[in-house]
Amino acid sequence: MRWGLAMDLKERVERCLGSDALSITEYRGDITVEVPRRRIIMVLKKLREASDLEFDFLTDLFGVDNLDLYKKKKKKKGKEEEAEKEAQEPTPPRFEVNYLLQSLKSNERLRVKIQVPEDDLEVESATVLWKAADWPERECFDMFGIRFKGHYNLKRLLMWDEFPDHPLRKDYPLEGKGEERHFHVSEF
Amino acid sequence: MVQEPNGPVVSGSGDYVSINIGPSHPAMHGTLRVIAQTDGETVIKADPEIGYLHRGVEKLGENLTYHQFIPITDRLNYCSAITNNVSYEKAVEKLMGIEVPVKAQLVRIIMMELARIADHQVCVGILGVDLGAFTPFFYQIIQREEIYEVFEWYNGARLTNTFGRIGGLDADLPEKFAEKWPGLKDGIRRANDEMDKLLTHNRIWMDRTIGVNPFSPEDALAWGFTGPCLRACGVKRDMRKNEPYYLYDQFDFDVPTGKHGDVFDRYMVRLKEMEESIKIIDQAYKMYLDMPEDAPLKAKVPKIIKPPAGEVYSAIESPNGELGFFIKSDGSDKPYRIKIRPPCYMIYQAFPEMVQGEMIADLIACLSSLNIIAGELDR
């Protein structure tokens, strides 16, 4: 029953988004749809307004850094193939932003994913659709450095304002870079 | 002067006075800081600053194995650590495609509901303390100690119970639970009755809570509210009913709701929810007793957990609302990315909108009734 419903949702999402859906995958009952980065607000609006989907509740929004994932893949390939071939391959976008949506009517869940390349870290802000995107977007900016265009108060959330780095990036060491030694209290 | 409700407080604007409340203030629950701009005693704008308890839990998770992360989840919502443990374990189990044995599910439900009661007891007790009613707090905290006794029997820990294992449980419900539960149940009900008598129809209490920080259901949903704070606004949503996990669809219980989403409604919803939790434990314990003695408590799980590459999101209804874990695996023995979706994170971001135009004393009441736990807010 549950799996049947999930299949149905997949088709409905595909029908709703058309060419905007780059890929729709299902894993353990979770549906993920990947969409182009520049169309994200349009897509979220479509998903919210389609009468057979109505994804009107934003559960969460967060970033993922895929740097290590690609490194590992390259290492594996390196054993099998020549190193030159790899250099020619275009590197996939480093970051991704996930939107967890839920429909209040049918209780279905959907994950919308966009890829964000390292050289252009800008995404349209979802705060125009949901107020709930406020802090998650600030945290995403804080932790990964992804800037959300149109956010009215995009500043660091969990780290202090003068913090120079983005700690959840994979190239940031677990023990930090010693920022706490240069910490100074800003005037209130 | 009109200011954006959620923008930063601009110091030195107009005749308003900026007041710094917290982070070290007894009413700010540990580490919360609010910079409030005030006109007399009215809050014109409040700007919460969080991150004082940020420990990098998500980064830590990427560097620990799947089992090593369970004790870290204790430190999220430390008032109900068991719910955090179960939520994380459930996410990893979903990632690996493991079905937990029925007996383990029942024990998990019993312990989670006990944790829910303990969490609500702290919340309503502290709400009273913050508003000047000290006595009911003791009635509640005495009963919470009794609940912690059950937790202590289970594995020795009272507050940060590293409960369960991935795939099930390592130990059965303590044997003494059978004789403890009837007395514990009566105790919880008695404490709630006493609190009800002392507070609910108390003139001062009603003046301080009814109509304070009302929130509309539309706003609450737009801000991503879940749990008792959403139900207090009149939206009947509970993951245990809407998306039943484990055996919750077999139990008979109500989802109490409020009407106006004010401090009083949040208090009442929590008070009523404790009664519903008692009902669930009664039914779950009855089912548990019907199970054969040697029923398995743990599914077959490899010693070193290496889930296949993939990503899942799994959530449960924690005492504060939807507590979810997003886990991305790259096939190794450590999670590639863990994202925790804490319920009070979403609730607290609406705080400026809730307290705008209220008194400073109501700001404290509002904060207390939302049950913001810094541990899961800052992670």
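Hi everyone, let me start with one pair of residues: Ala36(B) has Ala46(B), in E3(B), as its bridge partner. Before going on, a word on conventions: this is a predicted model, where local features need pLDDT of at least 70, side-chain atom pairs count only at pLDDT 80 or more, and totals for chains, interfaces and linings use all residues. Residues are numbered from 1 along each chain as its sequence is written, while chains are lettered from A and ligands numbered from 1 in the order in which they are written.

Back to those strands. Helices (H or I, at least four residues) and strands (E, at least two) are DSSP runs, numbered from the N terminus, and two strands pair if DSSP finds at least two bridges between them. E2(B) and strand E3 of chain B, residues 42-49, run antiparallel and are joined by seven bridges. They form a hairpin with two residues between them, and Gly40(B) in the turn has a positive phi of about 65°. E2(B), residues 33-39, is also joined to strand E1 of chain B, residues 17-21, by five bridges, again antiparallel. Here Asn20(B) stands opposite Ile35(B).

Now chain B as a whole. Its secondary structure comes to 15 helices and six strands. The radius of gyration, taken over C-alpha atoms, is 21 Å, close to the 21 Å that the globule rule gives for 379 residues, so chain B is as compact as a globular protein of that length. For your notes, that rule is 2.2 Å times the number of residues to the power 0.38. Along the principal axes, the C-alpha atoms fill a box of roughly 70 × 50 × 35 Å.

How much of chain B is buried? Buried residues make up 53% of the 379 residues. The cut-offs use C-beta atoms placed from the backbone: a residue is buried if 20 or more others lie within 10 Å of its own, exposed if 12 or fewer, and partly exposed in between. As for contacts, two residues make one if their C-beta atoms, again placed from the backbone, lie within 7 Å. Of the contacts in chain B with a separation of 6 or more, 71% are between residues 24 or more positions apart.

Next, the core. A nonpolar core is a set of buried Ala, Val, Leu, Ile, Met, Phe, Trp, Tyr and Cys residues joined through C-beta atoms within 7 Å. The largest one here has 147 residues, and those with the most contacts inside it include Leu58(A), Leu101(A), Ile110(B) and Leu114(B). Helix H4 of chain B, residues 102-130, gives the largest share of this core, 15 residues. Leaving out residues up to four places away in sequence, Ile110(B) touches Leu173(B), Ile281(B), Ala284(B), Tyr285(B) and Tyr288(B).

Helix H4 of chain B also holds Ala115(B). Ala115(B) counts as buried because it has 27 C-beta neighbours inside 10 Å.

Over to chain A. Five strands form an open sheet in the order E1-E2-E5-E4-E3, with mixed pairing. E1 (23-27) and E3 of chain A are the edge strands, each pairing on one side only. The twist averages 20° from one strand to the next; axes are lines fitted to C-alpha atoms, for helices over the stretch in contact, and angles run from 0 to 180 degrees between N-to-C directions. Three bridges join E2(A) to E5(A), which run parallel, and Thr32(A) stands opposite Arg111(A). H5(A) lies across E3 and E4 of chain A, at about 5° to E3(A).

Finally, where the chains meet: 28 residues of chain A are in contact with 38 residues of chain B. The largest share of chain A's side, six residues, comes from E3(A). That side divides into 18 nonpolar, three polar and seven charged residues. In this count, Ala, Val, Leu, Ile, Met, Phe, Trp, Tyr, Cys and Pro are nonpolar, Asp, Glu, Lys and Arg are charged, and the others, Gly among them, are polar.

Thanks, everyone!
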